[in-house]
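Here are a few notes to go with the model you asked about. Have a look at it first, then read on.

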Number of protein chains: 2
Amino acid sequence: MIDVFKQIVKNYALETDRFLEELFDDRGLYLSATLIESIKYSLFSGGKRIRPILCRMTAEMFDGDIDSALKAGSALEMIHTYSLIHDDLPDMDNDQYRRGRLTNHCVYGNGIAILAGDGLLTYAFNVLSKLSLPAEKSLKIIELISESAGVHGMVAGQVLDLEAENRELTLQELEQIHRAKTGALFRAAVLSGAYCSEISSEDLKALESFSLYLGLTFQIVDDILDLVGDEEKMGKKVGSDEKLNKFTYPRLLGLDKARQEAENAALKAVQSLEIFGERANLLRKLVYYILQRQF
Amino acid sequence: MIDVFKQIVKNYALETDRFLEELFDDRGLYLSATLIESIKYSLFSGGKRIRPILCRMTAEMFDGDIDSALKAGSALEMIHTYSLIHDDLPDMDNDQYRRGRLTNHCVYGNGIAILAGDGLLTYAFNVLSKLSLPAEKSLKIIELISESAGVHGMVAGQVLDLEAENRELTLQELEQIHRAKTGALFRAAVLSGAYCSEISSEDLKALESFSLYLGLTFQIVDDILDLVGDEEKMGKKVGSDEKLNKFTYPRLLGLDKARQEAENAALKAVQSLEIFGERANLLRKLVYYILQRQF
């Protein structure tokens, strides 16, 4: 059973890869080869495609439009990738390695890396303007994603994160940062998938709760892996958050308590899916898949 | 007559200011005060609001939806502003002053400036998802703007510009850079305004030609002003393009020939408007307004 699940996850990731590959296939469309090369370098550097998988699974669960879910998920992956490129810059986290490879700016220079991020973010909205859904639904997804990824969500979270360096945070503050930095885009992935179908407000509410707890699980696990993982597994310098004196869950709670918190969040994510019965089996498995990532 | 025109230009600019002010009014909506402060610093730093004015005038000319033209124009101004913030960064043009004030990163730091740009770009698409037009038309505007501002247009132009430093350019190459860097967003402003109404493909074609020649006029004038203007008028270090060994129209053609080229482009912009008769009077005046900016 677990193998079937892993195969599904792999297939969804591969379909995302294929869509993104095709997007950049026709080089005649683009004015700058450097820009496209730099974008592709980061877009195809071993990302797990969690957001597209999440979007796709939710759409499947409600018999939604799969083509649109694939595109919306891919757009979210483009946004996620741009945020990593900008986050790694010397003016931000100053990371030289990610997933075992040099970061974008280390290969292409800071200027091109900034522009590659800008290009990816803008292109994501171009992809979202061409979904196969009724126009009203496409607009709803664009509204959702632009809110989640911007000054109300992810970008604000990154500012809070930047400002939190070198100072003590409360658990509440740490959660606020992660809700904005990671949770908002997880939420957007789930709800975009739901918008690819018809969905009741009650179901939306349950999905929203699910996505926020899943985002929290993901983030705590990420913090733990950053602390205890080895370079090979994570592909980035272990302890890079420590280096910047960043506050993380294990630093704030200790490793055991942080693991406990991740499990609690995962449990709450699974509980949020209760009203969907068996239909939510894939999403349930995804929670444990994320929780068990390497520990 | 010229005074009535100037009053109209001023009013359209003020309405844009008002819309943008209101967008950031409710501070309770935002997680980070620093982010909003940094965004507002650049958004309200004396921009001429040419793109919103262009969008609005085109919409008026076709009796289009004015509220949507105001919002679309404001979104374009947000995109233009983000591009200036990123363009001024040390990793790009490294400018300390713009319009007589310190650039964003000099006040808020490079990290916040990068994020302020990211936030503005993302927010622009949120504004575009809430126009008062039929959903299909809103999507068309989002498609147009995301194409013009991204890897097919403005961002690609900035990469070409970055790569052109310290090397000789042909006139053709210079025009390609400017068509992408400035022209694409001018075109998007005009066509967005047109999409706020019903418009024939013949009219669209004429507007497209108009917008590209207007963009070219604007850019040549900008290059000339950068060379001959004084610091007070331009609000940035005169000759900053020279400093970076950037190729510009006056450098390539000499000052007199560059002025001639600007006039030629302006003439072609005006000629493109011929089929619209008197309805296009405001747009015609705008061409001369842009041409005569300080010389």
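This is a predicted model: local features need pLDDT of at least 70, side-chain atom pairs count only at pLDDT 80 or more; totals for chains, interfaces and linings use all residues.

1. How are the two copies related? Chain A can be laid on chain B by a turn of 180° with a shift of 0.0 Å along the axis, and the RMSD is 0.0 Å. The two copies are thus related as by a two-fold rotation axis. If you want to find that axis on screen, go to A:Ala135: in chain A, its C-alpha is the nearest to the axis, at 2.6 Å.

2. Now the contact itself. Chain A puts 45 residues in contact with 45 residues of chain B. On the chain A side, the elements giving two or more residues are helix H2 (33-43), helix H6 (110-128), helix H7 (135-149) and helix H8 (154-164). H6(A) supplies the largest share, 12 residues. By type, the chain A side divides into 24 nonpolar, 14 polar and seven charged residues.

3. Why say that the copies meet through the same surface? Because 100% of the interface residues of chain A are also interface residues in chain B.

4. Is A:Ser146 buried or exposed? It has 28 C-beta neighbours inside 10 Å, and the cut-off for buried is 20 or more, so A:Ser146 counts as buried. Leaving out residues up to four places away in sequence, A:Ser146 touches B:Thr122, B:Phe125, B:Asn126 and B:Ser129.

5. For a sense of scale, A:Ser146 and A:Leu31 are 115 residues apart along the chain, and their C-alpha atoms are separated by 26 Å.

Definitions and conventions. Residues are numbered from 1 along each chain as its sequence is written. Chains are lettered from A and ligands numbered from 1 in the order in which they are written. Two residues are in contact if their C-beta atoms, placed from the backbone, lie within 7 Å. Helices (H or I, at least four residues) and strands (E, at least two) are DSSP runs, numbered from the N terminus. Ala, Val, Leu, Ile, Met, Phe, Trp, Tyr, Cys and Pro count as nonpolar, Asp, Glu, Lys and Arg as charged, and the others, Gly among them, as polar. A residue is buried if 20 or more other C-beta atoms lie within 10 Å of its own, exposed if 12 or fewer, and partly exposed in between; C-beta atoms are placed from the backbone. Copies are superposed by least squares on the C-alpha atoms of residues with pLDDT of at least 70 in both.
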